[in-house]
Amino acid sequence: MGRLQGRKEREPFVLEHASIATGDEAGTVETDMSILVSADGRIEQVCPTELAYIPSGYHRIDATGKFVAPGLINAHVHLFADGKPLSGGGNTSPRVINGVMKALHSPAGRLLMDARIKKNVSALLNSGVTTIRTLGDIGYEGVRLRDKIDAEEVTGPRILAAGPLLAIPGGHGDPFISLSCTSPEEARRRTRENLDHGVNAIKVAATGGVTDATKVGEAGSPQMTQDEMAAVCDEAHEFGVLVAAHAQSPEGVKAALKAGVDTIEHGSAMDDEIIGLFLDNPRSLRGFSGLDPTLCAGLPLIKLPQDQLGVSDIVRSNSELVVDGMVQGARQGRENGISVGVGTDTGMTFVPQYGTWRELDYMVKYAGFTPAQAFHSATQVNARNLGFSDVTGSVEAGKDADLIVLAEDPVKNLRTLANPQLVIARGKPVWHPEVKHFEDIDHLLDTF
Ligand SMILES: [Zn+2]
């Protein structure tokens with residue numbers, strides 16, 4: 001899964017005299033190393049430069065003074081928006097909703113969305129992210145782009161695309177980015193519908209959310225039932241596809257874990273039963289469940305002045321209800337050896353596509369991670385959580401060449417991740433990765 005289909009041959013290359021920031025939990029750096037990347041985009045050899053044998057025809061890149069690290073993995077993105085404030089939290093008339101839905105799913109709307117997500121995916125890639133999982137799309141635009149990238153028509157990250165998430169009628173994500181269901185049978189059918197459209201990830205809404213709640217208290221209140229989510233997991237797991245659950249309260253997290261979901265998105269404070277289920281979850285596909293705290297989506301909503309954020313009172317109040325729980329969950333996850341990954345919820349209010357490094361920064365500042373542990377989460381842990389440990393997440397021979405070249409050791413300065421000097425996605429180099437920043441948003445995010 002996730003290998004490039006065509007594997008077009010291109011010039012093999014070697015990065016010489018590099019320091020490798022390995023992404024292990026201790027923050028190990030290996031100095032003066034050579035990394036050979038074969039014509040089909042895989043890492044061929046990793047060894048001390050003095051021992052490297054470079055066959056002729058390899059383009060040699062001097063990486064003296066640079067740090068080569070595994071590409072970042074962002075386990076929770078939305079590609080339909082760019083991270084400027086989403087209005088949300090109000091009552092929109094059914095007629096307006098209908099109109100918007102029609103426009104979005106018209107041929108012109110699809111073309112527009114294809115162009116927009118291509119731009120957003122470039123921002124992710126150019127900021128060093130070589131694997132993403134979309135968790136809530138308008139339709140199957142993420143699937144379409146994934147296929148173009150896999151066929152090497154477009155340069156981009158490896159994509160796991162969920163398509164529309166599954167929710168109760170009027171629930172989180174409904175109607176714009178979800179398919180609704182009212183029974184386990186329907187939940188199963190909807191899962192099948194997404195799988196038939198080619199998704200390679202599934203998402204359910206176990207509870208209400210912050211962005212689109214219409215009343216205070218909706219975020220975190222249980223929505224899909226355990227039985228409905230269990231039906232989704234059964235169906236998805238049969239096809240080897242992992243299930244992510246949006247869950248923002250202990251009740252919601254517990255129901256989703258018992259149903260067998262493979263990752264919890266956002267999360268909440270944990271009791272012993274929840275901790276036990278994360279570590280040993282018999283109904284999940286691999287026997288454990290991971291956690292993506294998505295602090296990037298929560299902290300700005302409670303830390304920044306509301307007038308600067310441009311969100312409604314309902315969004316603000318709901319954030320106050322759930323964000324502390326998300327932070328506490330991240331902390332407890334770390335303390336209890338839960339597989340805590342990195343997902344930022346890009347596209348949500350104040351979560352630009354290019355800001356993955358900030359999640360690592362928040363994990364350190366708010367949840368007690370060391371910088372090495374946070375970087376480990378964004379690479380090796382995420383690869384494990386998403387089922388990609390055999391192909392990405394570390395700089396090892398045999399894996400895909402998903403690499404970033406940095407000015408500094410990320411473990412010493414996480415912010416260096418914001419400006420990779422070179423990004424390599426499955427062997428394809430992006431020589432001068434450039435990202436358009438929203439200065440006003442960056443400035444506000446830098447204040448806490
Ligand atoms: Zn999300």
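Predicted model: local features only at pLDDT ≥ 70, side-chain atom pairs only at ≥ 80, totals over all residues.
Buried area is the accessible area, taken with a 1.4 Å probe, that two parts lose on being put together, summed over both.

**Domains and their interface**

According to the domain assignment, domain 1 covers 13–70 + 392–439, and domain 2 covers 72–385. Their C-alpha centres are 29 Å apart. Domain 1 brings 34 residues to the contact, and domain 2 brings 34 residues. About 2,800 Å² is buried between domain 1 and domain 2, with 64% of this area coming from carbon and sulfur atoms. On the domain 1 side, the residues that lose the most area to domain 2 are Leu414, Arg426 and Phe438, which together account for 23% of what that side buries.

Polar interactions also cross this boundary. Between domain 1 and domain 2 there are 4 salt bridges, and 10 residue pairs are in polar contact across the interface, both residues being at pLDDT 80 or more. Arg426 also takes part in a salt bridge with Asp150, their side chains meeting at 3.0 Å, N to O.

The strands below each supply at least two residues of the side of domain 1 that touches domain 2.

| Strand | Residues |
|---|---|
| S5 | 67–70 |
| S16 | 422–425 |
| S17 | 428–430 |

S16 gives the most to this side of domain 1, with 3 residues. By residue class, the side of domain 1 that touches domain 2 holds 18 nonpolar, 7 polar and 9 charged residues.

**Helix H8**

Helix H8 spans residues 295–303 and is mostly covered, with 7 of its 9 residues buried. The buried residues in H8 are Leu295, Cys296, Ala297, Gly298, Leu299, Pro300 and Leu301.

**Leu79**

Leu79 sits in the loop between strand S6 (72–77) and helix H1 (94–104). Leu79 counts as buried because its relative accessibility is 2%, and the cut-off for buried is under 20%. Leaving out residues up to four places away in sequence, Leu79 touches Arg116, Ile117, Asn120, Val121, Leu124, Ile132, Thr134 and Gln353. For one of these, Ile117, the separation from Leu79 is 38 residues in sequence and 5.1 Å in space, C-alpha to C-alpha.

Note on methods: Residues numbered from 1 in each chain as written. Heavy atoms only, no water. Domains from an automatic or database assignment. Contact = heavy atoms within 4.5 Å. Polar contact = N/O pair within 3.5 Å; in protein donor to acceptor, adjacent residues only side chain to side chain. Helix = DSSP H or I, 4+ residues; strand = E, 2+ residues; numbered from the N terminus. Nonpolar A, V, L, I, M, F, W, Y, C, P; charged D, E, K, R; others polar. Buried < 20%, exposed > 50% of the residue type's maximum accessible area, 1.4 Å probe, protein only.
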